[in-house]
Amino acid sequence: MIDLRSDTVTRPTREMREAMAAAEVGDDVYGEDPSVNELEERAAALAGKEAALFVTSGTQGNQAAVLTHMRQGEEIIMDDRAHVFLYEGGATAAFAGVQSRTLSSEKGQMLLSDLSGAIRSQDVHFPDTGLIWLENTHNKSGGSVLPPDYVKEVGLLAERAGIPLHIDGARIFNASIAAGVPVAELARHASTIQFCLSKGLGAPVGSILAGDRSFIERARKWRKRLGGGLRQAGVLAAPALLALKNGFDFIADDHEHAGILAEAISSMEGLNVMNQVETNMILMDTFETGLTSEDWVAEMKRQGVLAVPFGPFTVRLTTHRDISRTEISQAIERIMKSLQQLKG
Ligand SMILES: *Cc1c(COP(=O)(O)O)cnc(C)c1O
């Protein structure tokens, strides 16, 4: 099987498993796990922030951020296809008791005029705007990169309004490689950033929430409340640390692979690529074949390629660390075969 469902499906490398076996550990709830402490220090430096917190997942990192930044009854401004809005089980409402103000966007970029107009003024009727939210890369539009200047503009707007900006940077490493800009630079204009260790980097578990020291100390308490205070978590931090230490240039291969796959797909009769492939995702449009994304995903699975439906006629394919150039060629053949089966 060639698994292109997500970049979360990577298995830890042998080197990572060795690092897990050899990891120095302690009780992280007491702050005594040397591997977690080292990971948090490195991650903070990478993000250009004072401090960082190792959390169990991207969702936990995002939710800890919302809980730390906001109070009940406040409002977050985000784009209407943000992961936190679509795919986190309504957690912001369930846990933080905040409401979402969603704006339409072009590839995750809300108009600055819309953003500025959505910030609430002081009025007894209104919720207070407590947080502005960006997602980089933007998952639902197929891994698009937010232009660094756009992030800066939003950051300046937020700063002028006295509202914190959070970046959901689940795939910030992809954004960094594609834009050729360091992660710290992409995070510079945000108060906080969350990024996943278990996606592009290929680590088995975890995410990072980074921000200033006092913020991270308060977030640490929310992590505990959310059940994310782990004990000998160094076994999980060690493989992630390895990924951070060794660098993540290999992500460029994932992007190249996605480009090759996208080009092949768009040359196939009836199939189109909907997104401009900037990172590791392809949104395949099946509409002209007259068959739904569900039909396509089922047939591709029979041919040995796994992908996910991403809309009635949209299939998402995601390249990642465990996919070789050879497997990309095989995937192309198998998608061609699926087309023959479905149309033949
Ligand atoms: C994957 C993802 C998350 C959540 O991460 P999990 O580790 O799956 O909880 C959050 N935001 C975006 C944009 C994502 O792609």
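1. Ser-144 sits in the loop that runs between strand 5 (129-135) and helix 7 (148-161); helices (H or I, at least four residues) and strands (E, at least two) are DSSP runs, numbered from the N terminus. The model is predicted, so local features need pLDDT of at least 70 and side-chain atom pairs count only at pLDDT 80 or more, while totals for chains, interfaces and linings use all residues. Residues are numbered from 1 along each chain as its sequence is written, and side-chain values use heavy atoms, with hydrogens and water left out.

2. Ser-144 counts as buried because its relative accessibility is 1%, where buried means under 20% relative accessible area, exposed over 50% and partly exposed in between (1.4 Å probe, protein chains only). Its side chain is joined to that of Ser-141 by a polar contact of 2.8 Å; a polar contact is a pair of N or O atoms within 3.5 Å, and within protein one must be able to donate a hydrogen and the other to accept it, with residues adjacent in sequence counting only if both atoms are side-chain atoms. Leaving aside neighbours within four places in sequence, Ser-144 is in contact (heavy atoms within 4.5 Å) with Lys-107, Asn-136, Thr-137, His-138 and Glu-278.

3. Most residues other than glycine have a negative phi, and most peptide bonds are trans.

4. Which residue does UniProt list for "modified residue: N6-(pyridoxal phosphate)lysine"? The unreviewed entry lists Lys-199; UniProt positions are given in the numbering used here, feature names are shortened, and annotations may be inferred rather than shown by experiment. Lys-199 lies in the loop between strand 7 and strand 8, and with 12% relative accessibility Lys-199 counts as buried. Not counting residues up to four places away in sequence, Lys-199 touches Asp-7, Thr-8, Thr-10, Ala-170 and Arg-171.

5. The residues that surround the ligand include Ser-57, Thr-59, His-83, Glu-135, Asp-168, Arg-171 and Lys-199, each having a heavy atom within 4 Å of it. An N or O atom in the side chain of Lys-199 is 2.8 Å from an oxygen atom of the ligand, and a polar side-chain atom of Thr-59 lies 2.6 Å from an oxygen atom of the ligand. For Asp-168, an N or O atom of the side chain is 2.6 Å from a nitrogen atom of the ligand.

6. Helix 10 (residues 213-225) has 13 residues, which at 1.5 Å a residue should span 18 Å, and this agrees with the 19 Å between its end C-alpha atoms; the expected span is 1.5 Å times one less than the number of residues. Phe-215, Ile-216, Ala-219 and Arg-223 are buried in helix 10. Seen down the axis, the buried residues fall within an arc of 90°, so they line one face of the helix, the arc being that of the directions from the helix axis to the C-beta atoms. Lys-221 and Arg-225 are exposed on the other side of helix 10, and what covers its buried residues includes helix 2 (34-47) and strand 7 (192-196).
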